[in-house]
2 protein chains.
Amino acid sequence: MASRIIRTPGIKDVAALAGVSASTASKALNDVGQLRAETRERVRRAAEQLGFTPDSRGRALSSGRSFTVGLITTDSSGRFSIPIMLGAEDALSAGEMALVLCDTRDDPLREQHYLKSLVSRRVDGIIVTGRRVEPREPIDVPIPVVYAFSPSTDPEDTSVLVDDHAGAASAVRHLRSLGRERIAHVTGPESHLSAQIRAASTMGSAGTAFVGDPLYGEWSERWGRHAVDVLLRTQPKLDAITCGSDQIARGVCDRLRELGRSVPDDIAVTGYDNWSVMALASRPPLTTVDMELEELGRRTANLLLDAIAGSPHPGPVELPGRLITRESTLGT
Amino acid sequence: MASRIIRTPGIKDVAALAGVSASTASKALNDVGQLRAETRERVRRAAEQLGFTPDSRGRALSSGRSFTVGLITTDSSGRFSIPIMLGAEDALSAGEMALVLCDTRDDPLREQHYLKSLVSRRVDGIIVTGRRVEPREPIDVPIPVVYAFSPSTDPEDTSVLVDDHAGAASAVRHLRSLGRERIAHVTGPESHLSAQIRAASTMGSAGTAFVGDPLYGEWSERWGRHAVDVLLRTQPKLDAITCGSDQIARGVCDRLRELGRSVPDDIAVTGYDNWSVMALASRPPLTTVDMELEELGRRTANLLLDAIAGSPHPGPVELPGRLITRESTLGT
DNA sequence: GAAAATCCAGAACACGTTTTCCTTGATGAA
DNA sequence: TTCATCAAGGAAAACGTGTTCTGGATTTTC
């Protein structure tokens with residue numbers, strides 16, 4: 001045959017070119033065993049000349065590890081999962097680990113399918129994340145698992161979650177430090193745990209400075225606009241509105257402006273999420289709480305790496321958010 | 001030792017339990033070779049009893065394939081890459097392929113690192129995507145590659161891209177079918193190829209119905225608002241504005257409303273991207289062009305699967321977008 | 001100069017599966 | 001009866017690496 005099959009070179013090819021055995025070549029390239037420096041160098045040159053890249057499948061097989069972790073997300077289209085994913089990927093790639101993406105689309109059947117696939121790939125660990133902070137059923141696999149954002153219902157599992165309590169409190173503290181004394185709260189559906197937590201924390205930390213009841217609605221600008229009408233009717237003297245999301249806060253700002261109320265001179269507004277497309281496009285730009293989800297993803301990945309290395313940290317970890325101050329409370 | 005090391009069962013364990021050899025067990029589970037039905041059944045039961053999951057690393061090694069593809073994205077935080085990712089993942093998981101995620105953060109060094117890692121993992125193929133439609137340097141690997149969204153500069157490479165020409169034209173056609181005769185165009189930076197293409201196509205298909213020059217600016221609501229002021233000064237009689245993005249279109253709508261102009265009665269507005277958080281939250285909701293990026297991702301993955309199977313389809317493929325009509329052109 | 005210590009490299013094996021080849025026994029036909 | 005055919009299943013090789021063991025060669029020491 002004139003056309004030879006082109007094969008990516010293996011360690012045997014490198015060894016042959018360097019005139020040594022395969023095992024010697026392996027030792028040379030991995031800097032182990034006792035070899036003459038001259039031999040090492042010769043093997044190295046041969047490897048470079050052939051463009052040798054070690055086949056990690058071989059390594060995986062013999063080491064018993066796959067250097068891969070799975071990421072199971074119930075909806076990666078959500079804007080919460082994505083920064084978590086990126087943070088995790090960032091932390092993992094530093095450890096030479098690859099991340100395989102599994103989007104279950106909230107379908108238990110797909111989740112089972114992916115779990116089987118990941119187990120069959122002998123993944124070193126699994127990260128489970130979702131779009132809601134409500135606890136979820138743990139998954140049952142013989143592999144280290146860390147939950148991000150959506151904790152496991154089992155308190156012995158490792159879960160990394162956002163501290164919405166602290167986040168909401170920091171917004172209130174900020175407003176009070178600016179002298180605001182009549183604070184209202186507008187947020188999403190009461191059925192959402194995050195709405196409940198943020199509302200409770202807001203009321204708790206505002207104390208007597210809290211006016212009326214938390215207004216539960218939906219996570220939308222429309223609701224934010226509508227809530228302003230309700231609030232101004234019932235609480236005409238309020239001087240600050242904390243919102244459960246940036247979308248709501250943006251709607252609030254829009255409506256206040258339409259009514260001729262100045263933000264923040266008349267009424268200060270805070271959001272939640274630091275979703276840049278909302279927080280920065282709002283007029284005025286929003287003071288808001290950044291959940292630092294990318295950091296959460298990194299943290300999750302590092303906890304998983306620890307668990308893989310044999311030192312698990314059982315139990316939940318809460319990460320505080322960070323308050324980002326902008327014109328909606330500070331003015332220009 | 002009282003504590004035995006718990007090992008996930010291998011095919012040898014299954015074989016031992018069923019009283020056959022490993023090779024027979026493999027044949028039984030894979031439905032190949034000639035075996036008595038009774039034997040097959042016995043092996044199957046043994047496998048089930050032990051909870052046997054085949055180690056895909058072994059299969060990968062012996063089959064020469066890894067059943068894994070890499071996805072290289074220059075920024076997966078961008079809202080373009082994500083639907084592409086999801087579509088690709090969807091199409092691949094149907095073929096039992098896993099997708100490993102590599103976010104280069106637009107850093108050539110990281111890209112090199114990831115490429116080496118993917119090659120070393122003997123990935124079956126690679127998808128390359130980016131956030132801009134500008135062509136990019138091809139990557140040099142001995143593996144099938146398909147480019148999505150950002151095509152390769154090499155026309156022989158397989159690239160799947162959006163047909164912005166057709167998309168912009170469909171918006172104009174829609175406006176003209178509604179009787180609009182004085183159409184302006186507001187878009188992003190002239191340095192962006194997608195802005196250029198959309199502008200050229202808009203002018204071309206509008207013909208004499210196009211007024212003035214395309215207004216280049218930035219991809220922001222603020223620019224949309226500002227552009228309205230410019231347009232109304234120079235083209236007081238225009239009856240439609242097509243925008244290069246939903247963000248711009250939302251800004252346009254906001255400013256028109258502030259000036260007391262009715263959308264769409266006085267001036268119809270179209271966006272681009274069908275970015276729901278903009279298109280639906282806009283007042284009124286936007287008629288816009290959906291690039292159908294998830295479908296693009298699926299298409300990309302299927303082309304890659306073909307290439308892996310040995311039937312590559314060289315050259316670029318353009319996918320038409322889909323016009324989504326809403327109140328910003330139709331009214332209520 | 002011989003024994004011991006040291007150094008170096010190759011052989012063999014492990015990892016888990018698939019696949020190819022081979023053996024055994026049975027059946028049927030000549 | 002003998003040979004060819006075929007079903008059934010086992011043995012071994014292959015995939016590509018890392019690790020351990022072993023033995024030969026060289027140097028050191030007395």
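Colleague: What does it take for two strands to pair?

Modeller: Two strands pair if DSSP finds at least two bridges between them. This is a predicted model. Take strand β8 (residues 240–243) of chain B. It pairs with β9(B) in the parallel sense, over three bridges.

Colleague: Which residue in β9(B) stands opposite Ile241(B)?

Modeller: Look for Val269(B). That residue of β9(B) faces Ile241(B).

Colleague: In what order do the strands of this sheet of chain B lie?

Modeller: Read across the sheet: β7-β6-β8-β9 (chain B). These four strands form an open sheet, and the pairing is parallel.

Colleague: Which strands stand at the edges?

Modeller: They are β7 (215–216) and β9 (268–270) of chain B. Each has a single partner strand, so one side of each has no neighbour in the sheet.

Colleague: Which helix lies across β6, β7 and β8 of chain B?

Modeller: Find helix α8 (residues 193–206) of chain B. It runs at about 175° to β6(B), which spans 183–187.

Colleague: Now the two chains. How many residues of chain A are in contact with chain B?

Modeller: Contact here means C-beta atoms within 7 Å. By that rule, 30 residues of chain A touch 30 residues of chain B. On the chain A side, the elements giving two or more residues are α4, α5 (81–94), β2 (98–103) and α6 (108–120). That side has 13 nonpolar, nine polar and eight charged residues.

Colleague: What rotation superposes chain A on chain B?

Modeller: A rotation of 180°, with 0.1 Å of shift along its axis. The RMSD is 0.2 Å. The two copies are therefore related as by a two-fold rotation axis. The same surface serves both copies, as 100% of the contact residues of chain A recur in chain B.

Colleague: Which residue of chain A comes closest to the rotation axis?

Modeller: Val100(A), with its C-alpha at 2.2 Å.

Note on methods
Residues are numbered from 1 along each chain as its sequence is written. Chains are lettered from A and ligands numbered from 1 in the order in which they are written. This is a predicted model: local features need pLDDT of at least 70, side-chain atom pairs count only at pLDDT 80 or more; totals for chains, interfaces and linings use all residues. Two residues are in contact if their C-beta atoms, placed from the backbone, lie within 7 Å. Ala, Val, Leu, Ile, Met, Phe, Trp, Tyr, Cys and Pro count as nonpolar, Asp, Glu, Lys and Arg as charged, and the others, Gly among them, as polar. Axes are lines fitted to C-alpha atoms, for helices over the stretch in contact, and angles run from 0 to 180 degrees between N-to-C directions. Copies are superposed by least squares on the C-alpha atoms of residues with pLDDT of at least 70 in both.
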